[in-house]
Amino acid sequence: MTFYDRLMSIDRRVIFLCIGLAVAIPILVPIGFPVQVSQETKSFYNEMAALKPGDVILLSFDYEGDVMAEVDPMAVAVMKQAFSSNVKVVALTTYAGGTGIAERILNEAARQYGKIYGIDYVFLGYNPDWSGTILRLGESFKATYPTDQYGKSTGEIPLMKQVETYRNIALLVSISGSALSEYWAIWAGGRYGVKVISGNTAIQAILIYPYYQAHQILGFLGGLKGAAEYEVLLNKPGMGMRGMDAQSVAHGLMVVFIIIGNAGYFLARRAKRLGRERPAGI
Amino acid sequence: MGANIGIWVAAILTLAIFTFLYKDNPFFKFAEHLLVGVSAGYYLVQYFFSAAYKKLWVPVGEGQWWLIFGGILGLMMFTRLWRRTEWISRYPVAFYVAAWAGYVIPSYIQVRILQQAESTMFNPAGLPVGQVISFFILLVGVVATLIYFYFSVEHKGAVRGVSRVGIIFLMIGFGATFGYNVMGRISLLIGRFQFIFTDWLHIVK
């Protein structure tokens with residue numbers, strides 16, 4: 001086996017180990033790479049910063065445990081900015097597995113900022129059929145959610161008395177691990193004219209750019225990097241920033257592996273071609 | 001104590017899943033099957049109480065009898081499970097497809113086609129040079145990519161040249177998508193390692 005063939009057939013377990021070390025070591029020994037803030041994150045932050053005390057935002061936890069690592073820091077940071085600005089939060093989730101996540105984040109933020117359930121924030125819970133939910137909220141919040149997550153009638157909750165439809169929502173924030181941010185922009189934004197910003201996984205973020213460019217989504221956070229950038233703007237370091245060293249090192253290693261793989265491929269191909277062109281006997 | 005047990009269980013299951021990176025083994029299989037079983041049980045209970053109970057049983061009990069028709073359509077969907085009765089499920093499926101078409105078609109046309117097309121049009125007067133160049137590249141990319149996917153005309157001559165430009169834009173887009181994919185997967189691994197080092201082993205604050 002030639003050197004090039006060995007280069008092309010490195011055991012994948014060696015690569016897994018290298019990636020694992022590239023992620024683990026920077027977490028254990030922080031490096032402190034700077035985090036540059038992108039325009040889309042600044043737009044997200046500016047929309048949140050433009051809210052006035054007493055404004056109500058609709059925060060949709062459109063994710064479950066599988067992408068928690070990427071988008072949880074975003075949701076936590078949104079709650080910090082909202083509660084520190086005395087903005088009220090009406091929260092819901094479009095995923096059955098999102099209820100526990102949403103409760104944890106809402107209750108932790110409320111405890112940290114001394115906010116009261118029913119007055120400063122409400123958790124409406126999970127509704128099946130997210131498409132019907134998004135559309136029906138434009139007609140009536142109370143008809144869509146007759147009770148909150150804990151079974152209390154929404155007509156009796158003080159905060160819900162000032163929220164009838166999307167007209168009473170200053171900003172819609174979708175933290176999503178799927179295409180749901182697009183549907184919020186299409187239905188809530190396109191049909192009812194609500195301002196929409198979103199936090200998305202990196203895989204989804206690439207699909208949000210056309211909406212951002214067309215001002216259908218006014219700002220968004222892309223993946224863990226987006227969460228880190230948002231934390232920089234808030235000056236509240238969290239899980240996002242802590243993961244950036246590992247992210248940078250792992251990405252650098254991926255680039256090295258791609259270069260090695262391509263080098264091996266092209267060199268092997270060239271060697272085979274030169275071997276064929278060499279006259280017989282030489 | 002309860003939280004500690006939960007963290008230990010989560011950590012052990014995380015490591016069990018990671019063992020697959022070496023090779024398939026009974027620990028991984030156990031963790032995988034446990035995930036499937038617990039998820040199925042959790043979602044069954046969630047969907048039953050949030051849909052069947054809260055949206056059907058309770059409102060019908062409060063006098064909204066017309067919701068029974070929705071419940072009947074839902075039950076008809078289960079007829080798909082048996083070959084002899086699966087034809088019955090075509091009715092609720094037809095209803096669902098029709099409702100979804102009504103939701104989606106007008107909104108998609110407005111938001112994904114008309115507004116997106118509108119955003120590719122710009123008036124360069126008064127804009128900074130950088131923004132004009134950016135808009136121009138966007139316009140070229142959109143037109144060239146659309147021409148690449150236009151198969152009613154043979155791709156030769158000028159059409160072939162423009163569609164090749166479209167291919168370049170597509171390749172750049174695929175590369176960006178792959179890069180974001182890598183970033184997403186690495187982020188999930190970072191999350192697991194942060195849990196292991198912070199919440200379980202307490203070696204990182």
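Predicted model: local features only at pLDDT ≥ 70, side-chain atom pairs only at ≥ 80, totals over all residues.
Local features are reported at pLDDT of at least 70 and side-chain atom pairs at pLDDT 80 or more, while totals for chains, interfaces and linings use all residues; side-chain values rest on heavy atoms, with hydrogens and water left out. Residues are numbered from 1 along each chain as its sequence is written, and chains are lettered from A in the order in which they are written.

In chain A, 6 strands make up an open sheet with parallel pairing, in the order β3-β2-β1-β4-β5-β6. Strands (E, at least two residues) and helices (H or I, at least four residues) are DSSP runs numbered from the N terminus, and two strands count as paired if DSSP finds at least two bridges between them. The edges are taken by β3 (121-126) and β6 (220-222) of chain A; each has a single partner strand, so one side of each is left without a neighbour in the sheet. From one strand to the next, the twist averages 15 degrees.

A:N200 has A:G222 of β6(A) as its bridge partner. Helix α10 (residues 223-234) of chain A packs on the sheet, where it touches β5 and β6 of chain A, and its direction makes about 125 degrees with that of β6(A). Contact here means heavy atoms within 4.5 Å; axes are lines fitted to C-alpha atoms, for helices over the stretch in contact, and angles run from 0 to 180 degrees between N-to-C directions.

Attention now turns to charged side chains. Over all chains, the structure holds 11 salt bridges, each defined as a side-chain nitrogen of Lys or Arg within 4 Å of a carboxyl oxygen of Asp or Glu. One of them pairs A:R104 with A:D72, with the closest N and O atoms 2.6 Å apart. This pair links distant parts of the chain, 32 residues apart: A:R104 lies in helix α5 (residues 99-113) and A:D72 in helix α4 (residues 68-84), both of chain A. A:R104 is partly exposed, at 41% relative accessible area, whereas A:D72 is buried, at 10% (buried is under 20%, exposed over 50%, partly exposed in between, with a 1.4 Å probe and protein chains only).

Another salt bridge joins A:E182 and B:R112, with 2.7 Å between the closest N and O atoms. This pair crosses between chains, from helix α8 (residues 180-192) of chain A to helix α4 (residues 90-119) of chain B. A:E182 is buried, with a relative accessible area of 5%, and B:R112 is partly exposed, with 31%.
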